[in-house]
Amino acid sequence: MKLTRRIALGLVFASGMAASVAATTSPALAFEPTKPIDFVIMAGKGGGADKMARLMQAIVEEEKLASKPLVPTNKSGGSGAEALVHMKGAGDPDHTIMVTLNSFFTTPLRQPGLEVDIMKFAPVGRMAEDTFLLWVHKDSGITTFEQFLEKAKADGNKWVMGGTGKNSEDNIITDYLNNTYGLDIKYIPYKGGGAVAKDLAGQQITSSVNNPSEALGFYESGDVIPLVAFTDERLPMFKDVPTLKEKGGDFSYFMQRAVVGAPGMSDDAQKYYTGLFDKVFKSAKWQDYKSKKSLMGDFMAGGDLKSYWETQKARHETILKASGAIK
Amino acid sequence: MIEIVSALGDGVWQALQPINLALAFIGVVVGLFVGAMPGLGSVNGVAILLPFTFVIQKYTGTATSPMIFLAAIYYGAMYGGAISSITLGIPGASTAVATTFDGRPLALKGKADQALVAAAVASFVGGTVANLLFTGFAPALASVALDFGNPEIFALMLLAFATFVGLGGDDIPKTIFSICIGLVLATVGFDIISGEPRLQFGDPLDLFPATAGLIDTTGFSHGIRFLVLAIGVYGIGEMMWTINSSRGKITMTETTITYDRIRLALIEYRKKAWKGTIIGSALGFFVGILPAAGATPGSLMSYGVAKMTSRNPENYGKGELDGVAAPEAANNSASTGAMLPMMTLGIPGSPTTAVLLAGMVIWGLQPGPRLFVDQPDFVWPLIGSFYVSNLIALLVNLAFIPIFLWMLRMPFTILAPLIFVLSVVGTFAAYQNLFDVWLMVLFGLGAFLLRILDYPLAPAVLAIVLGPIAEPKLRQSLLLSDGDPSIFFTRPIAGPITVIAIILILLPLFKIIWTKVKSTRAETPAQ
């Protein structure tokens with residue numbers, strides 16, 4: 001059983017009232033959705049991307065920003081490959097949008113067989129850049145990054161890092177740590193960040209590089225502690241946690257949380273969705289979520305977002321080549 | 001303990017406030033119908049109505065009332081799923097597949113009233129047992145869930161398969177064959193660990209240029225959905241089987257509609273179905289609290305265990321009341337159980353709790369170990385509502401039973417086309433995809449053929465549910481141990497479970513050897 005477009009039917013009835021109100025109040029645009037919008041999430045349920053997507057849906061719904069509902073569909077298969085293939089073959093690109101992770105960059109690079117060209121996707125809007133921290137369990141006795149390096153080095157491949165998916169963001173950070181500090185950390189791919197957080201709290205694994213939103217529950221309960229942040233500056237929420245750069249590393253890494261349109265989306269539709277998500281971005285709820293979950297980055301769309309993709313794509317190509325994931 | 005009781009008392013009082021009571025009632029009724037519709041399950045009901053909960057939140061000013069509403073839908077659907085499983089033979093929701101195994105045969109025997117009453121009461125008992133466990137031990141149980149790492153969950157899945165080896169009657173090779181079919185179907189899609197596509201049949205152009213454009217295999221990229229197989233096997237397959245075995249002569253059960261019969265059915269339930277109820281309540285809850293599992297595996301496993309421990313396992317699949325009670329108690333119990341990792345660990349144990357989790361985040365709550373401490377005003381009224389909704393669901397369900405029975409009085413010549421239409425529409429509604437509808441019909445034909453050849457089908461259904469859970473856990477475990485399988489034996493929790501599973505799998509083999517030995521002994525003196 002999956003959350004699917006069947007919900008569309010129900011939503012049409014369910015939000016009939018809301019829709020009709022919105023339809024009468026919004027100004028005439030070149031494009032208006034004529035049916036429920038397929039809102040693809042390229043990750044599983046309960047993870048960071050999923051929660052964020054559902055929050056966006058809720059904001060659109062609550063503030064009546066769109067005349068037709070967003071219908072979330074999780075397509076987590078193959079580190080986002082399933083979602084990318086779905087987008088590429090979308091029958092109605094004007095009603096198909098997707099919430100991305102960095103697998104948007106890495107998966108097409110790793111699987112050229114999918115024949116997905118991300119530059120053909122419509123740059124609707126970047127909603128945030130998610131951050132990464134290094135987490136260990138409180139009972140590990142480790143409180144600083146130096147202690148972590150010492151312990152991980154001594155443990156060799158008995159030191160286990162859990163992460164979301166193979167060659168994903170988490171894998172890239174683990175590879176960086178291994179290569180830079182001469183470690184031999186073992187990386188175990190999981191389906192979602194929530195499962196990783198739980199297994200770190202249960203000491204099934206020894207460390208993780210969860211996003212703040214994924215680790216927050218166990219951080220607040222004191223089960224896990226952050227050692228370094230992979231950001232350029234200290235995060236407001238974790239003022240006592242140094243960045244890797246302070247510790248002498250030359251590395252920062254972010255996750256793109258963006259909304260993209262299916263390849264072949266018309267310019268009018270793209271404009272409509274950019275306007276829609278700009279409103280979502282500016283809403284009090286989104287801003288509140290951004291600060292609570294330690295998210296960074298400004299709204300970005302159109303040409304700016306495309307050139308951001310170019311840089312990110314090139315960067316990931318270099319990273320994946322260096323780690324040997326691609327040739 | 002005293003604090004818990006008084007907190008619960010307050011919680012129940014809150015849940016009984018008019019607005020919350022009304023929400024629970026509406027939720028249960030909505031859930032009942034969503035659950036009873038083939039193709040739609042609790043997850044759809046909850047997801048469809050999620051945006052509406054903001055209205056409720058605005059009106060009541062708390063996050064509790066919207067949660068009570070959604071939780072009531074969840075429970076209602078667990079009750080409702082049994083209805084179409086029993087009356088039509090099509091599982092109303094994935095959680096009710098195991099209910100068709102014996103519920104349908106009971107209906108064909110004219111005992112639909114007993115099956116429906118047993119389902120309702122078992123659901124109530126399962127839900128109540130789970131509520132008590134939840135109330136008393138939530139934080140302690142959360143730490144149990146934390147102790148279940150990858151090897152432990154795999155060991156548990158192995159145990160589930162082991163209980164099902166005995167499911168297909170005495171024909172073990174056919175059962176194993178059926179499990180293997182399910183496992184192969186479960187691998188279609190993308191590999192989770194490596195991200196590589198599997199069994200997607202690529203571009204048909206490469207194989208048969210003549211069929212280019214005729215067959216679109218991209219539907220395989222999302223894998224074989226469980227519901228597609230289940231509706232195919234139990235909707236289309238079962239319908240064809242009934243036509244085949246009756247040649248259209250049978251009319252459906254003549255069931256009279258009196259409350260007196262419900263009373264008699266209750267007596268029957270107390271006599272015959274208590275054991276399945278106990279097994280389902282306990283096992284369902286335990287499987288439910290483990291993240292990754294949820295109510296569907298819980299109900300299937302409970303059915304397997306109930307059959308295995310039964311004194312007359314040969315009656316299972318032919319209309320045993322215990323075979324209805326066990327999965328129904330389990331799916332309610334598991335759905336309460338699945339709330340636990342969602343609230344205390346922030347990870348959903350089932351698709352429905354994933355939506356509830358998103359809801360909690362949107363209402364401004366942070367699920368996690370601190371939720372019980374930081375948000376008692378949210379937690380206790382919600383737990384209180386579990387008890388209230390469960391009782392409402394039982395009463396509503398019992399009140400509706402005569403209507404469900406009335407549906408059964410349709411002659412099969414009318415019912416068969418209806419089942420066909422519901423199967424097709426249900427599958428399409430589920431995924432809005434004709435590819436899946438064709439697959440469903442294909443599975444129905446395949447199931448029919450396998451049934452003629454006397455292959456059991458329940459093991460295949462089990463395998464397609466558990467396969468996608470078991471496989472990544474197996475591989476993650478082996479990654480942890482550098483490929484050394486001893487990881488399943490040396491860990492304190494995984495070890496015993498694995499050993500028991502292996503013994504169970506080998507048990508039929510011992511039985512065969514034992515009977516062979518006995519029969520040769522018996523023959524020797526005759527010669």
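Me: Which residues in H5(A) are buried?

Reply: Ser103(A), Phe104(A), Phe105(A), Thr106(A), Thr107(A), Pro108(A) and Arg110(A) are buried in H5(A). Buried means 20 or more other C-beta atoms within 10 Å of a residue's own, exposed 12 or fewer, and partly exposed in between, with C-beta atoms placed from the backbone. Helices (H or I, at least four residues) and strands (E, at least two) are DSSP runs, numbered from the N terminus.

Me: How should I take the model and its numbering?

Reply: The model is predicted; local features need pLDDT of at least 70, side-chain atom pairs count only at pLDDT 80 or more, and totals for chains, interfaces and linings use all residues. Residues are numbered from 1 along each chain as its sequence is written, while chains are lettered from A and ligands numbered from 1 in the order in which they are written.

Me: Why is H5(A) called largely enclosed?

Reply: Seven of its eight residues are buried, so H5(A) is largely enclosed by the rest of the structure. The cover over these buried residues includes H4, strand S10 (255-261) and H12 of chain A.

Me: At what angle do H5(A) and H12(A) pack?

Reply: Axes are lines fitted to C-alpha atoms, for helices over the stretch in contact, and angles run from 0 to 180 degrees between N-to-C directions. Helix H5 (residues 103-110) and helix H12 (residues 302-323) of chain A pack at about 55°, with axes 9 Å apart. H5(A) and H12(A) are therefore oblique to each other. Under 35 degrees counts as roughly parallel, over 145 as roughly antiparallel, 65 to 115 as roughly perpendicular, and the rest as oblique.

Me: Which hand does the crossing have?

Reply: A crossing is left-handed if the near helix is turned anticlockwise from the far one by less than a right angle, and right-handed if clockwise. H5(A) passes H12(A) in a right-handed crossing.

Me: Which residues meet there?

Reply: Contact needs C-beta atoms, placed from the backbone, within 7 Å. From H5(A) come Phe105(A), Thr106(A), Leu109(A) and Arg110(A). They meet Gln312(A), Lys313(A), His316(A), Glu317(A) and Leu320(A) of H12(A). By class, this contact has three nonpolar, three polar and three charged residues. Ala, Val, Leu, Ile, Met, Phe, Trp, Tyr, Cys and Pro count as nonpolar, Asp, Glu, Lys and Arg as charged, and the others, Gly among them, as polar.

Me: Where is there a helix pair to set beside it in chain B?

Reply: Take helix H8 (residues 150-165) and helix H9 (residues 172-187) of chain B. Their axes come within 10 Å and cross at roughly 140°. That makes H8(B) oblique to H9(B). Phe161(B), Phe164(B) and Val165(B) in H8(B) meet Ile172(B), Thr175(B), Ile176(B) and Ile179(B) in H9(B). The residues of this contact divide into six nonpolar, one polar and no charged.

Me: How many residues does each chain give to the contact between chains?

Reply: Chain A gives 49 residues and chain B gives 54. On the side of chain A, helix H1 (6-14), helix H3 (48-62), helix H4 (81-88), strand S7 (186-190), helix H8 (193-201) and helix H9 (212-220) each supply at least two residues. The largest share, seven residues, comes from H3(A). That side of chain A divides into 17 nonpolar, 15 polar and 17 charged residues. As for H8(A), nine of its nine residues are buried, so it is largely enclosed by the rest of the structure.

Me: Where should I look for positive phi values?

Reply: Gln203(A) follows H8(A) and has a positive phi near 55°. Lys64(A) is not a glycine, yet its phi is positive, about 50°. It is found in the loop between H3 and strand S2 (70-74) of chain A. With 16 C-beta neighbours inside 10 Å, Lys64(A) counts as partly exposed. In chain B, Asp482(B) has a positive phi near 60°. That residue lies in the loop between helix H21 (458-480) and H22 of chain B. Asp482(B) is exposed, with 10 other C-beta atoms within 10 Å.

Me: Is Asn44(B) buried or exposed?

Reply: Asn44(B) is buried, with 29 other C-beta atoms within 10 Å. Its place is in helix H3 (residues 42-49) of chain B.

Me: What confidence does the predictor give?

Reply: The complex has an ipTM of 0.78 and a pTM of 0.80. pLDDT is the predictor's confidence in each residue, from 0 to 100. Chain A averages 86, with 90% of its residues scoring at least 70. Chain B averages 83, with 91% at least 70. Within chain B, confidence is lowest in helix H10 (residues 204-207), at a mean of 50, and highest in helix H22 (residues 487-490), at 92. In chain A, pLDDT stays under 50 over residues 8-27. Where pLDDT is low, the predicted coordinates should not be read in detail.

Technical notes:
Two residues are in contact if their C-beta atoms, placed from the backbone, lie within 7 Å.
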